[in-house]
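This briefing is intended for a reader who is meeting the structure for the first time. The sequence and the model are shown below, followed by notes grouped by topic.

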Amino acid sequence: MSCCCEKKDPNQEAVDAVLAKYKGTKGALIPVLQQCQDIYGYMPKECMAQISKGLNIPLSEIFGVVTFYAQFHLNPRGRNIIRCCLGTACHVRGGAKIFERVQKVTGVKDGETTEDLRYTLESVACIGACGLAPVIMVNDDTHGRLTPDKIPDILAQYE
Amino acid sequence: MNSLAEKRKTYQDQLAAKAKKTVIVVGLGTCGIAAGGEKIWSAIKGEINNKKLDIEMVYSGCVGMCYKEPIIEVHKPGMPRVIYGDVNPENALQILQDHAVNGKVVNDLAVAQDPKEGAAKLPDVPVLNELPFYKKQVKTAIAKCGVINPDSIEEYIAFGGYEALEKVLTGMSQVEVIDEVKKSGLRGRGGGGFSTGLKWEFANKAQGDKKYVVCNADEGDPGAFMDRSVLEGDPHAVLEGMAICGYSIGADEGYIYCRAEYPLAIKRLETAIARGEEAGLLGKNILGTGFNFKLKIKAGAGAFVCGEETALINSIEGKRGMPRVRPPFPAQSGLWAKPTNNNNVETYANIPNIIRQGSSWFASMGTEKSKGSKVFALTGKVNRTGLAEVPVGITIREIIFEIAGGIQDNKKFKAVQIGGPSGGCIPEEHLDTPVDYDSLIALGAMMGSGGLVVMDETTCMVDVARFFLNFTKNESCGKCTPCREGTKRMLEILETICAGKGKPEDITTLERLSTVIKSTALCGLGQTAPNPVLATLKYFRSEYEDHIFNKKCPAGVCNALLEYKIDAEKCKGCGSCKKVCPVEAISGEKKQPHEIDTSKCIKCGSCIEKCKLDAIIRG
């Protein structure tokens, strides 16, 4: 973008590659969005526009899908995603106290990202590890049988 | 190419040869990993490599004993298989050295032994099938979870895998397969409880050049994780069940819609599909019979409503996951307007066993109208959390007090929530009800996917109802007004009650709203959303009344209704509560009983956590 040659931004090229892979596939929109979000870390408007062109789907429809599903994000996200489970099993085993402590340690509330982009905090309704309730997930790691005092050490592991 | 039977023989021989070696199995399902299974794996692996030990390591899915995770097993020739629980990297090395190398069982950590022929029974270790957790269980749908390596199609085949598919493709007509499933009495395990055989018959009879098989692996009910466990522990069983369904309805393509929160399940499914295609058991010209069946995985994008079958179909098509108006039903017009059969994971996982062992075997378990076995997820305040597969018709009491070992910390049982946000709670007086589809509906609950969340006396039932309504309100897709607006209004009322501002007419308003939403919402999500409120009102009405009229929360949960007091007799005046109080509401002289100024108190609970003498009372 910053230079004058016609080279595309590498992110855009990566999106093009995804679009090429799914060209002509029925029901491709959601997998395309998922893979493109992996490229950017979130779903910027220009990316939706590029997908709209590539798949020949109106931008409004893409926006509708993006805002329907909890997995898509319109704003940049932290390097580490903390998912606090507030499902039934975690709820009755004190999930709210864990959530409270995570908010205190990170200084952000549900759905927010820390200023240094280190953490994004989300509450979720069940990650299916109810046998170990209460649990949180940081990125793809599940941490179970928690007490509020275990939270600072767990979060410190994620830079 | 060798026939499937020859392959099976080869793989069984390979397994038998393996049994002559010492093998350590580490449980690496999501719960095993969360409890630290991978650290144990690397600790043992490192030691084996360092000392150049002749010991093989394998991993498996979940055996269902979440309460003992992380779990490892040691198979040593001439000794029974021993299961160890609460393992950590240090004691894992002890198990390795003492048991796997020296043949001396570590009794303190051994949970159970599984006796086998030619091996002397261990004197001090309980037998697996005699454990209270296992005694009443029947392992069929999840029999291979935690036993086989989920990434090995060879092990699946050695355990009789794909035999049912072969039987169907080489000797049964479509109608014969459907009849067999109908005769078994299998009903949908995802919640609705509709006859699986009938569903297949509708899809079979529907006209269409193209048909689809869909597997609902969008297990969204909080408190249910049996489908995840099956996908992670025995993925081929689901694929085989889907292929059999494909044959019987005339479909050559299938989709598995798996929620994105289950990355490990998706990974294991991908591996399983690839192995199945390589082995000629999926894909083109299966087993040389000319039957084609291509399977694809669709990862969900985070929407509970996609567990509803028409919303799920919309989501596979790349649209917003909103339910469709029915009719037409998916069996007539489903995915891309083609006839589609949709069942959930556990339902498909039951199919191979039904075909192999016969419908009468399956129908011999269960009650008159609900046959077979069902997997339940035991969670909440019980001593033994985990997955248990039991014959349908066992009582709730047996599940909670025998299998799950009763309530934690000797507290009193209050209620059990069955069926997630669509279900209801069941109180003490109905604990002897058999769990089957119809009895549970009669009580105002439902089988749902089979999540049992147990609550004790410290759980507030109004708070539980509020919790579920908050969930359904958030997950309502917004398409129909009764659900979109109704759940929101109900939640608002419940929130005011929990905040101590409930009005006398609130209960009747809740009941009226519930009736309207139940009868007018478009899909299952809305139609069942009021159930948790109705069930708590039915069985725990006095708790609502305490909140509204007496401004008290009997369970001590609803913060706004609590008051903190210091018991002057117990308080020794140490001052630790005074120091921790963020709003300086506590006063008192050193070594004299302290007091809390309730007008300043913000009920944060910090003082209770600090007090070592239990002198602070919340109520």
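**Strand 13 and its partners in chain B**

Strand 13 and strand 15 (residues 451-456) of chain B are paired in the antiparallel sense, over 5 bridges. The model is a predicted one.

- In the pairing with strand 15 of chain B, B:F413 has B:D456 as its bridge partner, and B:I418 stands opposite B:L452.
- Strand 13 of chain B also pairs with strand 14 (residues 424-427) of chain B, in the antiparallel sense and over 4 bridges.
- B:I418 has a bridge partner in strand 14 of chain B as well, namely B:G424.
- Strand 13 and strand 14 of chain B form a hairpin with 5 residues between them. In the turn, B:G419 has a positive phi of about 90 degrees.
- Strand 13 of chain B (residues 413-418) has 5 of its 6 residues buried, so it is largely enclosed by the rest of the structure.

*A second sheet in chain B*

- Another open sheet of chain B consists of 5 strands in the order 8-9-7-6-10, again with mixed pairing.
- Strand 8 (283-286) and strand 10 (340-344) of chain B are at the edges of this sheet; each has a single partner strand, so one side of each lacks a neighbour in the sheet.
- Neighbouring strands here are turned by 20 degrees against each other on average, direction ignored.
- Strand 8 of chain B pairs with strand 9 (residues 291-299) of chain B in the antiparallel sense over 2 bridges, and B:I286 has B:F291 in strand 9 as its bridge partner.
- Helix 12 (residues 263-278) of chain B packs on the sheet, where it touches strand 7 (253-258), strand 8 and strand 9 of chain B. The direction of helix 12 makes about 160 degrees with that of strand 9 of chain B.

*Helix 9 and helix 11 of chain B*

- The axes of helix 9 (residues 196-205) and helix 11 (residues 235-249) of chain B come within 8 Å and cross at roughly 45 degrees. That angle makes helix 9 of chain B oblique to helix 11 of chain B.
- Helix 9 of chain B contributes B:W200, B:A203 and B:N204 to the contact, and helix 11 of chain B contributes B:C245, B:S248 and B:I249.
- By class, the residues of this contact are 4 nonpolar, 2 polar and no charged.
- The 15 residues of helix 11 of chain B should span 21 Å at 1.5 Å a residue, which agrees with the 22 Å between its end C-alpha atoms.
- Of the 15 residues of helix 11 of chain B, 15 are buried, so this helix is largely enclosed by the rest of the structure.
- B:G250 follows helix 11 of chain B and has a positive phi, near 85 degrees.

*Contact between the chains*

- In chain B, 41 residues are in contact with 33 residues of chain A.
- Helix 2 (30-34), helix 13 (309-316), strand 11 (373-380), strand 15 and helix 18 (461-475) of chain B each supply at least two residues of the side that touches chain A.
- Helix 2 of chain B gives the largest share of that side, 4 residues.
- The side of chain B that touches chain A comprises 21 nonpolar, 12 polar and 8 charged residues.

*Chain A*

- Chain A has 7 helices and 4 strands, which run from the N terminus as α-α-α-α-β-α-α-β-β-β-α.
- Along the principal axes, the C-alpha atoms of chain A fill a box of roughly 55 × 35 × 25 Å.
- Chain A has 159 residues, of which 36% count as buried.
- Among contacts in chain A with a separation of 6 or more, 58% are between residues 24 or more positions apart.

Terms used. Residues are numbered from 1 along each chain as its sequence is written. Chains are lettered from A and ligands numbered from 1 in the order in which they are written. This is a predicted model: local features need pLDDT of at least 70, side-chain atom pairs count only at pLDDT 80 or more; totals for chains, interfaces and linings use all residues. A residue is buried if 20 or more other C-beta atoms lie within 10 Å of its own, exposed if 12 or fewer, and partly exposed in between; C-beta atoms are placed from the backbone. Two strands pair if DSSP finds at least two bridges between them. Two residues are in contact if their C-beta atoms, placed from the backbone, lie within 7 Å. Ala, Val, Leu, Ile, Met, Phe, Trp, Tyr, Cys and Pro count as nonpolar, Asp, Glu, Lys and Arg as charged, and the others, Gly among them, as polar. Axes are lines fitted to C-alpha atoms, for helices over the stretch in contact, and angles run from 0 to 180 degrees between N-to-C directions. Angles under 35 degrees count as roughly parallel, over 145 as roughly antiparallel, 65 to 115 as roughly perpendicular and the rest as oblique. The expected span of a helix is 1.5 Å times one less than its number of residues.
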